[in-house]
Amino acid sequence: MYDSALWQPSANLETLRKRARLLQCIRTFFEAREVMEVDTQSLSLASMTDPHIEVLTCEARTQGQNLVYYLQTSPEFAMKRLLCAGSGSIYQLGKVFRAEEIGRRHSIEFTMLEWYREGLDHWQLMDEIQALLKTIIKVVGLPEEAQLKGEVLDCERLSYQAAFLRHTGLDPLSCELSALQEYAHQQTEYGLQETDRDTLLELVFASVVEPAIGKHQPCFIHSYPASQAALATTHLNEQGQEVAARFELYWQGMELANGYHELTDPKEQAKRFAEDKQARKHMGLADRQFDERLISALEAGMPECAGVALGVDRLLMLLTGQQHIEQVIPFAHRRA
């Protein structure tokens, strides 16, 4: 039976006022730093190859052809093409779409803030994110319970290796696969038959490490295993081990942002896309052609830069003390 109350917003009006202040604060922050706002397409003829992200599609007929368009999971590829075209530092604040299960922290449509800073590395970008968070908290505020706990605004920084060792006792860069399988099984009842090291690391990180970090102050996890570099460059850590120039930001056990010292090598990027395609085939997922226009743009030359994507709805959940993402979106899920 139709519920006549579904016309009402899923977020209360006070939360929506804070949402408006948050969006305005973000734009003011970047305007003061002369970072240009861009507004790239939501539909594209190409999509991500990442085996861990699924997309929504739609069809359109043009010039006698039926074309499949992908709703963008991130504006990343389009923004990088702009960087290659000489845009300079840019940011985008808008909707993205992912075909994932709807839950407390997940929605198929959500608001993402993504920005790229020419001439900065991922360490400097972490500094800027901390400055943005401090500015936002001054404008939007924190829930009373966070103020009573005395939330620290300075962000902690931990390497992936250090966080793993602290909360599991295992060294993710050197421990035996059998030890990782056994630990994963002890914690989750899965893992004994899994032979992919990164799958096991991600399982343990999500179930054990992630809930334990960033409880009283935001925490950057950096220097991921090189095999998890995604679209980041790699470098050697202090022990001479290859790691990714990548970070993720966690606060109160929730992932807020994912950033990179961006990969600019077109050959390496094409190689990683091909590896993604092979992984998708191995996992029985639909094949996806990688975005050749991004490769062409990288061949033309992309400036050295760092970039990050931040979940705006999740940040607003923390700023308002809400427990479900639908409580910070005007019309979520069944109300859309």
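1. Two strands count as paired if DSSP finds at least two bridges between them. The model discussed here is predicted. By that rule, three strands form an open sheet in the order 2-4-3, and their pairing is antiparallel. Strand 2 (43-44) and strand 3 (57-62) stand at the edges. Each has a single partner strand, so one side of each is left without a neighbour in the sheet.

2. Look next at the pairing of strand 3 with strand 4 (residues 65-71). Six bridges link the two in the antiparallel sense. One point to check by eye is C58, whose bridge partner in strand 4 is Y69.

3. Strand 5 (residues 90-97) has eight residues, and six of them are buried, so the rest of the structure largely encloses this strand. Strand 1 (residues 36-37) runs parallel to strand 5, joined by two bridges. There, M36 stands opposite I90. Strand 6 (residues 109-118) runs antiparallel to strand 5, with eight bridges between them. L93 has L113 of strand 6 as its bridge partner.

4. Turn to helix 7 (residues 197-209). Its buried residues are D198, L200, L201, V204, F205, V208 and V209. Seen down the helix axis, they fall within an arc of 155°, so they line one face of helix 7. An α-helix has 3.6 residues a turn, so residues three or four places apart point the same way.

5. What do the buried residues of helix 7 pack against? They pack against helix 5 (160-168), helix 6 (177-188), strand 8 (219-225) and strand 10 (242-251).

6. Check the start of helix 7 as well. A side-chain oxygen of D196 comes to within 3.3 Å of the backbone nitrogen of D198. D198 is also one of the buried residues of this helix.

Note on methods
Residues are numbered from 1 along each chain as its sequence is written. This is a predicted model: local features need pLDDT of at least 70, side-chain atom pairs count only at pLDDT 80 or more; totals for chains, interfaces and linings use all residues. Side-chain values use heavy atoms; hydrogens and water are left out. Helices (H or I, at least four residues) and strands (E, at least two) are DSSP runs, numbered from the N terminus. Buried means under 20% relative accessible area, exposed over 50%, partly exposed in between (1.4 Å probe, protein chains only). The arc is that of the directions from the helix axis to the C-beta atoms. Contact means heavy atoms within 4.5 Å. A polar contact is a pair of N or O atoms within 3.5 Å; within protein, one must be able to donate a hydrogen and the other to accept it, and residues adjacent in sequence count only if both atoms are side-chain atoms.
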